[in-house]
Amino acid sequence: MLLHVSFIKRAFVMIRFYSILSKVSFVLVCLISLSSPVILAEQMLTASEREEAQSLGLEIWNGRPTVFKICPDSTSNQLQAYALCASAQCFTIDNVAYCKCVQKGGKSISLPFFYTNNKPPDPGPIAGDVCALMEVSDAGDFLVSTFSAPPQLQQAYNGSDALAIYTCPGSGNLSAQCNGGLCSKSSAGTNWPFLGSIDEDEVVCSCPIAASPQIGFQFIGPAECDRDFFEQYCGVQGSGTGGANVSTGTRLAVGAVTGSGTILTKILDGQVPPTRRCFFPVDPSK
């Protein structure tokens with residue numbers, strides 16, 4: 001019950017997350033080599049919007065914006081345990097997505113998720129952030145879901161589990177938003193409905209559901225550019241306020257606003273290696 005309440009609170013935080021990333025991800029159009037006609041057709045940016053996007057993109061690309069937090073910080077040499085859900089698929093119960101993620105250790109990046117010890121509506125002084133929560137998780141039975149770029153996305157990666165970034169254009173399409181999601185380490189070694197066997201190095205994370213902005217969202221899938229996989233996870237629509245209500249059992253991919261994964265990779269690692277990407281033309285009949 002405690003985790004479920006936290007997901008509801010985090011859903012409101014994700015609204016702000018989407019607002020931020022829907023702006024910063026305009027860097028895609030100006031600085032990232034994603035010149036897909038699918039994305040450009042959906043964008044239809046005016047001259048002033050392109051100028052704003054370029055200015056914002058350069059600021060993000062050349063700087064280290066404080067809107068994101070790297071854990072652990074640069075002064076620490078300690079490996080930090082976290083859950084990586086970037087390439088996960090999920091199923092839903094009562095409008096919460098449960099996603100099969102990977103247990104990792106090292107540096108990762110996230111929204112800061114500042115919290116206080118005061119009860120709403122009195123915010124009070126900041127007591128901690130996502131990095132502090134991750135430190136607590138080391139002594140507990142949970143992990144926090146944060147981001148790092150899966151190495152399987154790199155074009156130089158030749159393993160059988162190679163991956164690619166899929167782009168789903170347009171607004172209102174649903175995905176699981178796992179940044180800041182909490183994960184139960186005791187789920188490792190168990191079997192879950194829809195998710196199947198959870199290996200010892202995996203974990204199930206609970207994540208809110210969000211609808212994409214006009215720029216669309218991206219998710220990760222097979223490197224072979226599987227059209228069936230794309231159609232399964234691109235175009236999932238919901239109902240109700242915000243359009244994010246789905247039936248129990250609905251399958252979702254973990255997604256992020258288009259371009260945001262590239263931005264986070266640049267901030268975390270200082271560079272973005274050549275990456276596999278898959279684009280499919282939009283079917284006008286759907």
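Aspartate 94 sits in the loop that links β3 (89-93) to β4. Its phi is near 50 degrees, a positive value in a residue other than glycine. The model is a predicted one.

**Backbone geometry in loops**

- Phenylalanine 113 also has a positive phi, of about 50 degrees, although it is not a glycine.
- Phenylalanine 113 belongs to the loop between β5 and β6 (115-116).
- The relative accessibility of phenylalanine 113 is 17%, so this residue counts as buried, the cut-off being under 20%.
- Cysteine 71 and proline 72 are joined by a cis peptide bond, with omega about -10 degrees.
- Proline 72 is in the loop between β1 and β2.

**Helix α5**

- Helix α5 spans residues 130-137, and its Val130, Cys131, Met134 and Ser137 are buried.
- Viewed down the axis of α5, these buried residues fall within an arc of 110 degrees, so they line one face of the helix.
- The general rule is that an α-helix has 3.6 residues a turn, so residues three or four places apart point the same way.
- The N-terminal end of α5 is capped by aspartate 129. A side-chain oxygen of aspartate 129 lies 3.0 Å from the backbone nitrogen of cysteine 131.

- β14 pairs with β4 (residues 96-106) in the antiparallel sense over 6 bridges. Within this region, tyrosine 98 has serine 206 of β14 as its bridge partner.
- β14 also pairs with β11 (residues 182-184), in the antiparallel sense over 3 bridges. Here leucine 182 stands opposite serine 206.

**Glutamate 202**

- Glutamate 202 is a residue of β14.
- Its relative accessible area is 15%. Glutamate 202 is therefore buried, since the limit is under 20%.
- The side chain of glutamate 202 reaches the backbone nitrogen of aspartate 199 at 2.8 Å.
- Beyond neighbours within four places in sequence, glutamate 202 contacts Lys100, Cys101, Val102, Gln103, Ala188 and Ser197.

**The four-stranded sheet**

- An open sheet of 4 strands runs in the order β18-β16-β9-β19, with mixed pairing.
- β18 (255-257) and β19 are the edge strands, and each pairs on one side only.
- β9 (residues 163-168) pairs with β19 in the parallel sense over 2 bridges.
- Isoleucine 165 has arginine 277 as its bridge partner in β19.

**Arginine 276**

- Arginine 276 lies in the loop between α7 (260-269) and β19 (277-278).
- Arginine 276 is buried but has no salt bridge. The nearest side chain of opposite charge belongs to glutamate 224, 8.1 Å away.
- The side chain of arginine 276 does reach the backbone oxygen of glutamine 152, at 3.1 Å.
- Not counting residues up to four places away in sequence, arginine 276 touches residues including Gln152, Leu153, Gln154, Gln155, Tyr157 and Asn158.
- Further contacts of arginine 276 are Ala162, Leu163, Ala164, Ile165 and Ala223.

Note on methods. Residues numbered from 1 in each chain as written. Predicted model: local features only at pLDDT ≥ 70, side-chain atom pairs only at ≥ 80, totals over all residues. Heavy atoms only, no water. Buried < 20%, exposed > 50% of the residue type's maximum accessible area, 1.4 Å probe, protein only. Lys, Arg positive; Asp, Glu negative; His and termini not counted. Salt bridge = Lys/Arg side-chain N within 4 Å of Asp/Glu carboxyl O. Polar contact = N/O pair within 3.5 Å; in protein donor to acceptor, adjacent residues only side chain to side chain. Contact = heavy atoms within 4.5 Å. Arc of directions from axis to C-beta. Pairing = 2+ DSSP bridges.
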